[in-house]
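Please look at the model on the screen as I speak.

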Amino acid sequence: MDEKTADGKLTVEDISGEHSGETTKKATPDMQEEKQEVDWKLDSDFKKFMSNPSIESALKLEKKRAEQRLLQLEKERGGSFFQNLFSGLVRNALVKEKERLEKAEATFKALDLSKLRSCFGFDTFFANDVRRFGDGGIFIGNLRKPISEVKDKLEKRLSDAAGREVVLWFMEEQVNDSTKQVCVVQPKAEIDLQFESSNLSTLGGYTAAVFLGITTLGTIAVMSGFFLEPNATFEDYVSRVLPLAGGFLTILGVSEVATRSVASAYGVKLSPSFLIPSNWTGCLGVVNNYESLLPNKRALFDIAATRATSAYVTSFLLALIAFWVDGSTNGGDNALYIRPQFFFNNPLLSFIQYVTGPYSDELGNVLPQAVPGVGVPVDPLAFAGLLGMVITSLNLLPCGKLEGGRIAQAVLGRKKANLLSIITSLGLGVGGLTGSILCLVWGFVATFFRGGEELPAQDEITPLGQGRYVWGYVLAVLCFLTLFPNSAGTFPSAFYTPPFFRGEF
């Protein structure tokens with residue numbers, strides 16, 4: 001019987017392992033090296049999701065430890081009354097633990113790869129090799145029909161052969177300048193267990209979502225107070241806060257409904273959405289997790305791109321409506337006055353500075369609607385739309401599990417997306433060190449709270465299509481144009497126009 005390494009993989013040429021007794025033909029050294037390379041690359045993707053590739057091995061290990069501890073307690077009998085009492089309590093707990101492990105072991109049994117291999121064929125996926133992976137396997141071969149025709153048929157065959165439900169992934173890997181197609185098979189019960197361990201659709205998760213939502217409304221109210229005229233009354237405050245908060249809620253509400261509608265169409269379960277409060281912009285965006293498998297790369301792309309696109313469109317329409325209702329850009333009757341300090345040394349908000357305009361024109365004349373020492377008047381609803389564009393762009397940065405990181409993973413693949421994520425984190429860190437607190441805070445959130453990558457989609461072979469590539473690059477351009485710093489930001493340069501807000505009023 002072959003022993004497993006600590007990560008659940010076999011260490012000998014017989015790839016079947018202790019669970020099923022299946023055998024394979026002797027492989028040449030070149031074939032063995034190629035198979036190991038394919039297996040290593042796939043392991044790196046799944047280990048990030050599956051904390052222990054072989055649950056059966058972990059259960060056996062825990063059961064063995066419980067048995068050894070029981071034997072040790074038996075040898076230690078004969079002490080004082082209190083020692084025996086304590087040992088009895090520990091013994092009862094270990095016996096119950098052993099019983100639970102035995103029940104779990106009966107559920108989490110490794111799949112018999114020899115039985116599963118017979119399910120593959122010329123009408124679905126032709127497998128010419130198989131390797132043990134965790135309690136399932138990696139079948140190396142090639143598709144004979146589109147995945148849409150193969151997946152359900154092959155999944156049913158494998159489930160019937162295994163005597164329980166299984167989950168399939170179809171993936172491609174580059175090995176020695178050639179593309180290899182693989183089908184990864186894992187017990188569904190184990191994948192469900194992994195999702196349960198990180199499930200946020202609980203009472204605690206919904207409570208945290210509500211708390212963050214209320215806090216975000218508070219930060220929006222606090223932020224809006226920074227842009228009031230001197231000696232403003234409470235009525236002035238309310239008349240400006242409500243449109244700004246309403247604008248934010250409209251943007252977030254539309255994007256949330258659109259995102260969940262697309263996710264539901266793909267059969268993907270989303271966790272509660274968590275707003276990120278901020279004293280700088282009122283809100284830094286909304287994040288959530290996927291709590292079920294993604295059927296394909298299109299689902300990964302569409303869900304993320306829908307949130308960003310709907311937020312962009314809603315933000316832009318709100319700004320246009322506000323400017324149209326006012327009949328000009330003077331902010332209307334309930335204008336917020338955007339102060340220089342709001343933009344100074346902060347590249348992520350440079351876009352709004354350009355939109356609201358300078359205090360003075362090229363001749364040095366102060367604009368009629370500007371109030372020296374106070375700021376440029378902007379309609380609260382328009383300001384909500386402009387901030388909505390910036391917040392959406394922040395979430396479109398190609399980093400980790402932000403919407404931009406998900407889009408990058410779908411469009412560019414996991415390797416390039418991971419490289420972009422590292423570069424983005426470094427860029428945000430540099431921005432933070434050079435004076436932008438928002439860069440520093442968002443870099444911390446993106447790197448440590450939204451870092452990593454999504455579990456590969458079940459279908460990573462079917463291409464996205466040209467339309468989605470164009471869609472993704474358009475969103476990337478919008479993100480770049482919105483967040484790229486100008487000379488009033490952190491990185492002054494003679495190539496840009498002179499900064500508007502350097503003067504004192």
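Arg260 and Glu256 form a salt bridge, their closest N and O atoms lying 2.6 Å apart. By salt bridge I mean a side-chain nitrogen of Lys or Arg within 4 Å of a carboxyl oxygen of Asp or Glu. The model is a predicted one, in which local features need pLDDT of at least 70 and side-chain atom pairs count only at pLDDT 80 or more, whereas totals for chains, interfaces and linings use all residues. Residues are numbered from 1 along each chain as its sequence is written, and side-chain values use heavy atoms, with hydrogens and water left out.

To return to the pair: Arg260 and Glu256 are about one helical turn from each other, because they stand four residues apart in helix α8, residues 234-266. Helices here are DSSP runs of H or I with at least four residues, strands are runs of E with at least two, and both are numbered from the N terminus. Arg260 is partly exposed, at a relative accessible area of 30%, whereas Glu256 is buried at 17%. The cut-offs are under 20% relative accessible area for buried, over 50% for exposed, and in between for partly exposed, with a 1.4 Å probe and protein chains only.

A second salt bridge joins Glu403 to Arg307, at 3.2 Å from N to O. This pair links distant parts of the chain, since Glu403 belongs to helix α13 (residues 403-412) and Arg307 to helix α9 (residues 297-326), 96 residues apart. Glu403 is buried, with 6% relative accessibility, and Arg307 is buried as well, with 5%.

Arg406 is buried at 1% relative accessibility, and Glu454 is buried at 9%.

How are Glu256, Arg260, Arg307, Glu403, Arg406 and Glu454 linked? These six residues are joined in a network of salt bridges. The structure as a whole holds 13 salt bridges.

Contact here means heavy atoms within 4.5 Å. Asn289 is located in the loop between β6 (282-287) and α9, and is partly exposed at 22% relative accessibility.

Let me finish with a helix pair. Helix α14 (residues 414-433) and helix α15 (residues 437-449) pack at an angle of about 155°, their axes 7 Å apart. The pair is therefore roughly antiparallel. Axes are lines fitted to C-alpha atoms, for helices over the stretch in contact, and angles run from 0 to 180 degrees between N-to-C directions; under 35 degrees counts as roughly parallel, over 145 as roughly antiparallel, 65 to 115 as roughly perpendicular, and the rest as oblique. From α14, the contact is made by Ser425, Leu428, Gly431 and Gly432, and from α15 by Cys439, Leu440, Trp442, Gly443 and Thr447.
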